[in-house]
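I opened this entry to look at strands and how they pair. The sequence and structure come first.

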Amino acid sequence: MSIIVQKYGGSSVADAERIKRVSNHVIKLKEQGHQPVVVVSAMGDSTDHLIDLAKSINPSPSSREMDMLLSTGEQISISLIAMAIESKGYKAISLTGYQCGIETDHFYSKAKIHDIKSDRIKAELDKDNIVIVAGFQGVNKDGDITTLGRGGSDTSAVALAVALDASLCEIYTDVTGIYTTDPRIVKTAKQLQTISYDEMLELAKLGAKVMHPRSVELARKNKMKLVVRSSFELDKEGTEIIEVKEMEKAQVRGVTLDDNIVRLSVPNVPDKPGIAYKMFSALAAQNVHIDMIIQNLTHDEHNDISFTVPKDDLDVVRKIITQFVEEVGANPLLVRDDVAKLSIVGTGITSDAHIASGLFGALYKMGINIEMISTSEIKISCIIDKSRAKDALIEIHDFFELHKVI
Ligand code: ADP
Ligand code: ASP
Ligand code: MG
């Protein structure tokens, strides 16, 4: 008898019918002799609606209260799933993040799980209960509710699977698996049978919202077997995320877009030791995720420093940089939100110069200017004009013939 963790995303539990269908699927797992632990997201778009509601009352609500509010979405769905299972004559119990011992750090809205005290869940499984856990939430040292960031239920699922030593973690969503790009934007996107943890992590970090990045990181670190499948087409195989040591040849395996970023520039920063440290350590202290950084020497021993951050961090960054600008005597922060990041991903792709030149050439042919570039062994990202981003995604997918990828 093994523990299997299944996670169902918002669209999979969007209404009563779907909740019943998901519950039947969970019962099947129980019938097969497994111990199901089910992680559930808030129903449909309810997290978005809660955010809109909060902002209609207070345009900049405190992050503590936001987390308190948003965690309620998941509480609705877990109780309904438990009720649906009970209605079929099976034992089920719903638990919040707090009740099942998910301990996090104190960063509201993007908390990281520190530890899971799994005794309660284990005790419930021993009592033959199907355990239904609220995704996306935990509790900090002060006993306050925290959330893990948008899409964070994937991370709850993997973290629980690791803590419970589960044999498998299945992520059920509204597509049949991981594709070469978002199949809702590019019709020729191809489903991958397998993808490496590294490639999946990179795609997730670079905007493919099908998986929360931290969930992939945790699965990789703990070698957790992870499969992404559809809750709508249960007969379809899904995509397994696996460990791949070396690829035979460097190959682009996915392309992704992130338009939830802003490009920031701080002009006229004095060019002396310790300045970059001062700026980026202040941002790091607030857990701001900095992505691309470019420093160009301009004139009279001054630099312009540009970087990108997630849009959600803009208010925090603005405060920090305003203080930095005053202290070091630079020019005020410039913000641009009309940009997007287009990335290609594949193990070892930067070792083949034709891949980078192919990407740049294809963008050039479309008349698209590249404003920033960053590379690692496994990805090449370009900051481009947001208004051209979707066309570029389609074109680059086609250029690298990703519809033929195996
Ligand atoms: P859930 O609510 O189940 O967590 P999400 O909306 O978070 O689902 O993630 C699923 C969505 O991710 C898909 O509907 C798809 O539009 C999008 N997506 C983006 N990139 C990819 C990709 N490479 N492969 C599959 N889906 C992707
Ligand atoms: N409900 C949360 C969100 O919409 C968490 C999740 O779905 O994973 O982001
Ligand atoms: Mg998701």
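**Entry 1: the model.** I am working from a predicted model.

**Entry 2: the open sheet.** I traced the strand order first. The sheet is open and has 8 strands. I read the order as E3-E6-E2-E1-E9-E11-E12-E10. The pairing is mixed. I then checked which strands sit at the edges. They are E3, residues 92-95, and E10, residues 194-196. Each of these pairs on one side only. On average it is 20°, with direction ignored.

**Entry 3: E1 and E2.** I picked one pair from inside that order. E1 covers residues 3-8, and E2 covers residues 35-40. The two strands run parallel. I found 6 bridges joining them. For a residue-level check I took Tyr8, which stands opposite Val40 in E2.

**Entry 4: E14.** I moved on to E14, which spans residues 261-270. Is this strand mostly covered or mostly open? It is mostly covered, with 9 of its 10 residues buried. I used under 20% relative accessible area as the cut-off for buried.

**Entry 5: partners of E14.** I looked up E16 next, residues 302-310. How many bridges join E14 to E16? There are 8, and the strands run antiparallel. Within this pairing, Leu264 stands opposite Phe307 in E16. E17, residues 334-336, is also joined to E14, by 3 bridges. That pair runs antiparallel. Here I noted Ser265, whose bridge partner in E17 is Leu334.

Note on methods: Residues are numbered from 1 along each chain as its sequence is written. Chains are lettered from A and ligands numbered from 1 in the order in which they are written. This is a predicted model: local features need pLDDT of at least 70, side-chain atom pairs count only at pLDDT 80 or more; totals for chains, interfaces and linings use all residues. Side-chain values use heavy atoms; hydrogens and water are left out. Two strands pair if DSSP finds at least two bridges between them. Helices (H or I, at least four residues) and strands (E, at least two) are DSSP runs, numbered from the N terminus. Axes are lines fitted to C-alpha atoms, for helices over the stretch in contact, and angles run from 0 to 180 degrees between N-to-C directions. Buried means under 20% relative accessible area, exposed over 50%, partly exposed in between (1.4 Å probe, protein chains only).
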